[in-house]
Amino acid sequence: MSNPVLSVRDLVVEIPTRNGILRPVDNVSYDIAAGEILGVVGESGAGKSMTGNAVIGLLDPPARIASGEVLLDGKPIQGLKGEALRRLRGKKMGMIFQDPLTSLNPLLTVGEQLEETILEHLPISAAEARKRAVEALEEVGIPAAAQRIGSYPHEFSGGMRQRVVIALALCAEPDLVIADEPTTALDVSVQAQIVALLKRLCRERGVAVMLVTHDMGVIAEAADRVAVMYAGRLAELGPVRDVLTNARHPYTAGLMGSTPLASQGQRRLRQIPGAMPRLGALPQGCAFHPRCDRAEDRCRAEPGPTISACDGRAACWFPLGYPQEATG
Ligand SMILES: Nc1ncnc2c1ncn2[C@@H]1O[C@H](COP(=O)(O)OP(=O)(O)OP(=O)(O)O)[C@@H](O)[C@H]1O
Ligand SMILES: [Mg+2]
């Protein structure tokens, strides 16, 4: 990949607790290129949001980056604090969360919020910012944008509000957008529209996107590559078609079911028997081994290999279909 927008290298997030140190993110590495959407999936508690929050510098203390690197356009950002980080967050990184209301100020009109963000990050006049704000709303499909710009967040429907959040995330022309379950809180009928919008805008503008979701339909529709997380680690990372139709990690295979994607009616991840272990009680060896029907002695003794250290796809000692079971 030539010059990724985002490079995460051996990222470790730790939370000190009375009973020891927890690692909600353990040795995670991935890149996202301009115009590329990386989908991130995994069961609840797998570390998806923690990874995203670490990247944008929004970890809630006492969680902290213990080691590793986060490079944005080749420059490390994990040491930045306060004002420097805040500026970077608005200008270079946009954020979209599950609940649009958390990203919007209820006391300001959407126009005021857009203009404020635009003026803070782009060297343009107030009049120009106002014009841009209207254009930004038009671009995300808000009808009668010139009038709606004076409305407050609560005056929009959930779907329209999430469109406003997308406009706000993109209005300072960021290089990276972190979208954490952006459609989960919305009606099913609106979800696909929001995903399509996000995908189109990111493609057009060459924005790198980390898209966290539980919805396999969203992954299949929008993502170029997919990262599967389990107990804080990357279980599998690869092109979306390959991962969805030819999972190599037994955990991914369990999530996807064994049927090919095309004939798959399901949108949600499948339930796998058992539960993901708590961070404070991770089993020895590969964290997935108690739920894995392929587990052997090695899996019970050693953590799975990191993806960069093995076949580049699955953090597994005995991946499916590779290399022994390769079908060509
Ligand atoms: N302050 C804390 N103290 C201890 N553990 C925490 C704390 N905050 C988060 N965790 C743990 O960190 C892990 C990762 O959480 P994270 O929110 O990243 O999961 P997630 O993959 O985004 O899940 P979901 O799909 O439910 O959003 C979870 O196991 C969670 O219990
Ligand atoms: Mg989450």
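The model is predicted, so local features need pLDDT of at least 70 and side-chain atom pairs count only at pLDDT 80 or more, whereas totals for chains, interfaces and linings use all residues. Residues are numbered from 1 along each chain as its sequence is written, chains are lettered from A and ligands numbered from 1 in the order in which they are written, and side-chain values use heavy atoms, with hydrogens and water left out.

- Helices (H or I, at least four residues) and strands (E, at least two) are DSSP runs, numbered from the N terminus.

**Polar atoms close to ligand 1**

- A polar side-chain atom of lysine 48 lies 2.7 Å from an oxygen atom of ligand 1.
- For glycine 45, a backbone N or O atom lies 2.8 Å from an oxygen atom of the ligand.
- A polar backbone atom of methionine 50 is likewise 2.8 Å from an oxygen atom of ligand 1.
- Ligand 1 taken alone exposes 650 Å², of which the protein buries 62%. Accessible areas come from the Shrake-Rupley method with a 1.4 Å probe; for residues, only the protein chains shown count as cover.

- Threonine 51 has its place in helix α1. Why is threonine 51 classed as buried? The reason is its relative accessible area of 1%; buried means under 20%, exposed over 50%, and partly exposed in between (1.4 Å probe, protein chains only).
- A polar atom of the threonine 51 side chain lies 2.7 Å from the backbone oxygen of glycine 47.
- Leaving aside neighbours within four places in sequence, threonine 51 is in contact (heavy atoms within 4.5 Å) with Val25, Val28, Tyr30, Met210 and Met229.
- Aspartate 31 lies in strand β2 and is buried, because its relative accessible area is 16%.
- The side chains of aspartate 31 and arginine 9 are joined by a polar contact of 2.8 Å. A polar contact is a pair of N or O atoms within 3.5 Å; within protein, one must be able to donate a hydrogen and the other to accept it, and residues adjacent in sequence count only if both atoms are side-chain atoms.

**Helix α4**

- Helix α4 (residues 110-121) has twelve residues and spans 17 Å from its first C-alpha to its last, close to the 16 Å expected at 1.5 Å a residue. The expected span is 1.5 Å times one less than the number of residues.
- The buried residues of α4 are Val110, Gly111, Gln113, Leu114, Glu115, Thr117, Ile118 and His121.
- These buried residues pack against α2 (82-91), α3 (100-103), α5 (126-139), α6 (145-148) and α7 (158-170).
- An α-helix has 3.6 residues a turn, so residues three or four places apart point the same way.

**Prolines and backbone geometry**

- Proline 16 lies in strand β1 (residues 6-17) and counts as partly exposed, because its relative accessibility is 42%.
- Not counting residues up to four places away in sequence, proline 16 touches Ile21 and Pro62.
- Proline 16 and proline 61 are 45 residues apart in sequence and 9.6 Å apart in space, C-alpha to C-alpha.
- The peptide bond from proline 61 to proline 62 is cis, with omega near 10°. Proline 62 is found in the loop between α1 and β4 (64-72).
- Aspartate 10, in strand β1, has a positive phi of about 50° although it is not a glycine. Aspartate 10 is partly exposed, with a relative accessible area of 40%.
- Alanine 144, in the loop between α5 and α6, has a positive phi near 50° and is a residue other than glycine. Alanine 144 counts as partly exposed at 43% relative accessibility.
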